[in-house]
Amino acid sequence: MKTLKLTKGLSYSTMKVSVKKGQTASFEDDVAKRLLATGKFVEVETEAEDADGEEEESGSEDLSAEAIEKMTKAELLALAEGKGIDLSDCSNNTERAEKIKGALGLANMATIFSE
């Protein structure tokens with residue numbers, strides 16, 4: 001058994017695996033090897049799981065308005081759920097991205113400087 005952590009993308013799902021960014025999960029060696037080969041996971045030591053909570057918080061600093069604008073619907077929904085943002089009144093990705101950016105206090109710097 002190996003413990004892996006998703007580090008790239010907001011979530012990763014297949015028929016047998018479903019993990020959100022920052023989560024750790026244990027997998028059989030053959031499954032872990034395939035997941036590590038995707039480049040989206042890193043192996044973590046089981047004793048380090050308690051420290052992972054701190055890393056997860058600092059990982060949110062990677063978010064930018066530009067990154068949010070490029071996200072897919074599934075990624076936007078996962079991010080909103082993780083941050084406790086209600087998107088029920090949004091009908092498309094542009095509205096979802098704008099609501100998330102507003103709730104997180106993010107602005108697209110390219111838009112600000114082009115005005």
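A salt bridge here is a side-chain nitrogen of Lys or Arg within 4 Å of a carboxyl oxygen of Asp or Glu. Keep in mind that this is a predicted model.

The structure holds four salt bridges. Start with Lys20 and Glu81. Their side chains meet at 3.3 Å, N to O. This pair links distant parts of the chain, 61 residues apart. Lys20 sits in strand E3, and Glu81 in helix H4. Lys20 is partly exposed, at 35% relative accessible area. Glu81 is exposed, at 57%.

Next, Glu69 and Lys101. Their salt bridge spans 2.5 Å, N to O. Glu69 is in helix H3 and Lys101 in helix H5, 32 residues apart. Is Lys101 buried or exposed? Lys101 is buried, with a relative accessible area of 4%. Glu69, by contrast, is partly exposed at 36%.

Third, Lys99 and Asp89 pair up at 2.9 Å, N to O. Lys99 lies in helix H5 and Asp89 in the loop between H4 and H5, so the pair ties together parts 10 residues apart in sequence. Salt bridges with shared partners also join Glu69, Glu98 and Lys101 into one network.

Now a negative surface patch. Glu28, Asp29, Asp30, Glu43 and Glu45 form it. Glu45 is in the loop between strand E5 and helix H2. Glu45 is exposed, at 57%.

Last, the inside. The largest nonpolar core has 12 residues, among them Leu10, Met71, Cys90 and Ile100. Helices H4 and H5 each give two or more residues to this core. Which gives the most? H4, with three residues.

Technical notes:
Residues are numbered from 1 along each chain as its sequence is written. This is a predicted model: local features need pLDDT of at least 70, side-chain atom pairs count only at pLDDT 80 or more; totals for chains, interfaces and linings use all residues. Side-chain values use heavy atoms; hydrogens and water are left out. Patches are made of residues with over 30% relative accessible area and no salt bridge: like charges are joined within 9 Å, nonpolar side chains (Val, Leu, Ile, Met, Phe, Trp, Tyr) within 5 Å. Accessible areas come from the Shrake-Rupley method with a 1.4 Å probe; for residues, only the protein chains shown count as cover. Lys and Arg count as positive and Asp and Glu as negative; His and the chain ends are not counted. The place of a charge is taken as NZ of Lys, CZ of Arg, CG of Asp or CD of Glu. Helices (H or I, at least four residues) and strands (E, at least two) are DSSP runs, numbered from the N terminus. Buried means under 20% relative accessible area, exposed over 50%, partly exposed in between (1.4 Å probe, protein chains only). A nonpolar core is a set of buried Ala, Val, Leu, Ile, Met, Phe, Trp, Tyr and Cys residues joined through side-chain atoms within 4.5 Å.
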